[in-house]
Amino acid sequence: SDISKDYVHLLAEKISSLEKDPAFCVCQVAAWEKDYKTITDYTPWESARDFGADLIFLRLIENASKKEFDPVKFKEQLHTLRQYLDPTGKAQIIIGTSFWKHVGDPVLTEYAEEQNIPLIYMGDLGEDDENKAIGLFEHDGVASHPGDLGMQRIADRFFECYIKNR
């Protein structure tokens, strides 16, 4: 309903309540998700890389085509993206699966296990209509996205994992 109620801003608010003077950088990777098979230019995410994050929350897969999903290429390119965003390899990474169950969720799980990265399963959130924006938008596709409660639950899951792994 409002930008302050998306999971990114809610999570930033929660972290700010614990940490002294945290700084945040938001990196939108929907274009990467849509074009992961052929992408070679990472400069659109240069400012995120240059930010030098100590902690990176990754939510990426929902915009990757389910029909044409290539698990090998996705995992390979995910690793490239991670290395680009964290060139020193020092950032703590936390990965979340899709809000809606996605054919690529097992790839995220496998990658997280291989890299010893905490992973948060979120596919159950998309199964429950109370987590969606149903009734707030005429377009069914938009209405099936997380609503305020769904965003709160995504933020809560990331935050719980952050607390557990800090």
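Which residue has its charged end over the ring of Tyr7? The answer is Arg59, whose charged end lies 5.1 Å from the ring centre; a charge sits over a ring if NZ of Lys or CZ of Arg is within 6 Å of the ring centre and within 35 degrees of the ring normal.

Before we go on, a word on the model. This is a predicted model, in which local features need pLDDT of at least 70 and side-chain atom pairs count only at pLDDT 80 or more, while totals for chains, interfaces and linings use all residues. Residues are numbered from 1 along each chain as its sequence is written, and side-chain values use heavy atoms, with hydrogens and water left out.

On a 1 Å grid over the protein atoms alone, a pocket is an open set of points where a 1.4 Å probe fits, with protein on both sides within 12 Å along at least five of seven lines, and lining residues have an atom within 4 Å of a point. At least two lining residues come from each of helix H1 (7-16), helix H2 (30-35), helix H3 (46-51), strand S1 (55-59) and helix H7 (148-165). Helices (H or I, at least four residues) and strands (E, at least two) are DSSP runs, numbered from the N terminus. H1 contributes the most to this lining, with six residues.

In the second largest pocket, 13 residues form the lining, and Ser1, Ala133, Phe137, Pro146 and Gly147 are the closest to its centre. In the class column, Ala, Val, Leu, Ile, Met, Phe, Trp, Tyr, Cys and Pro count as nonpolar, Asp, Glu, Lys and Arg as charged, and the others, Gly among them, as polar.

| Pocket | Volume | Lining by class |
|---|---|---|
| Largest pocket | About 1,300 Å³ | 26 nonpolar, five polar, six charged residues |
| Second largest pocket | About 170 Å³ | six nonpolar, three polar, four charged residues |

**Aromatic pairs**

The whole structure holds 12 aromatic pairs. Rings of Phe, Tyr and Trp (its six-membered ring) pair if their centres lie within 6.5 Å, with planes under 30 degrees apart counted as stacked, over 60 as edge-to-face and the rest as tilted. Trp32 is buried at 0% relative accessibility; buried means under 20% relative accessible area, exposed over 50% and partly exposed in between (1.4 Å probe, protein chains only). Tyr36 is buried too, at 2%.

Tyr42 and Tyr84 make another tilted pair, 5.4 Å centre to centre with 40° between the planes. Because Tyr42 lies in the loop between H2 and H3 and Tyr84 in helix H4 (residues 71-85), the pair ties together parts that are 42 residues apart in sequence. Tyr42 and Tyr84 are both buried. Ring pairs also link Tyr7, Phe57, Phe158, Phe159 and Tyr162 into a cluster.

**Nonpolar core**

Trp32 returns in the largest nonpolar core, which has 27 residues; Trp32, Trp45, Leu58, Phe74, Leu78, Leu85 and Ile95 touch the most other members. Such a core is a set of buried Ala, Val, Leu, Ile, Met, Phe, Trp, Tyr and Cys residues joined through side-chain atoms within 4.5 Å. S1, H4, strand S2 (92-96) and helix H5 (105-115) give two or more residues each, and H4 gives the most, with five.

Methods
Points joined across faces, edges and corners; volume = space filled by probe spheres on them.
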